[in-house]
Amino acid sequence: MKKHPFINYLNKITFFSIGICFIIMLLWLFVSGEYIRTAPYYIAVFYVVTTGFWAFLYFIPKKGIIKFEQAYMITKTAKIIIYALVFALVLVFGWEKNIKFAIAYLSLYLVYTVFDTITVMQLIKDNKASK
């Protein structure tokens, strides 16, 4: 029995995020805690935003509201705005140490962007195969 693509995506991103958490736990042995002590909160932000926008990319074009290309541009623009807003808020209010937070946050951004790109490319491939 074939699973729904959204359930497959939830499995992928959940295990990916758990793997990132384990890597961060291992990094605590070698890296100062100031770099990664709040990383789980930021992983949760990336998890929710990435999942929400993938669902938008999957469901909205199927309903015929907008085209896939338009939905893709909306998601990429909105994601970069959300991530930059979180980054700016943390720096402006001084919740984290500047350089150490920036390194950790931008590393997570890079990792989740690569994951997102791979999964969206698979979605595009599946959409082309189903037409």
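**Entry 1: a pair in helix 5**

I began with F101 and Y105, which both sit in helix 5, 4 residues apart, or about one turn of the helix. Helices here are DSSP runs of H or I with at least four residues, numbered from the N terminus. I note that this is a predicted model, in which local features need pLDDT of at least 70, side-chain atom pairs count only at pLDDT 80 or more, and totals for chains, interfaces and linings use all residues. Residues are numbered from 1 along each chain as its sequence is written, and side-chain values use heavy atoms, with hydrogens and water left out.

I looked up the cover of both residues: F101 is buried, and so is Y105. Buried means under 20% relative accessible area, exposed means over 50%, and partly exposed is in between (1.4 Å probe, protein chains only).

**Entry 2: aromatic pairs**

I searched the whole structure and found 17 aromatic pairs. Rings of Phe, Tyr and Trp (its six-membered ring) pair if their centres lie within 6.5 Å; planes under 30 degrees apart are stacked, over 60 edge-to-face, and the rest tilted.

I checked F16 and F115: the ring centres are 4.5 Å apart and the planes are at 15 degrees, so this pair is stacked. F16 is in helix 1 and F115 in helix 5, so the pair ties together parts 99 residues apart in sequence. F16 is partly exposed at 23% relative accessibility, while F115 is buried at 10%. Back at F101 and Y105, I read 5.3 Å between ring centres and 35 degrees between planes, so that pair is tilted.

**Entry 3: salt bridges**

How many salt bridges does the structure hold? I found 2. The rule is a side-chain nitrogen of Lys or Arg within 4 Å of a carboxyl oxygen of Asp or Glu.

One joins the side chains of D116 and K76 at 2.5 Å, N to O. This pair links distant parts of the chain, 40 residues apart: D116 is in helix 5 (residues 98-130) and K76 in helix 4 (residues 68-93). D116 also meets K79 in a salt bridge, at 2.8 Å, N to O.

D116 is buried at 4% and K79 is buried at 7%, whereas K76 is partly exposed at 24%.

Methods: Helices (H or I, at least four residues) and strands (E, at least two) are DSSP runs, numbered from the N terminus.
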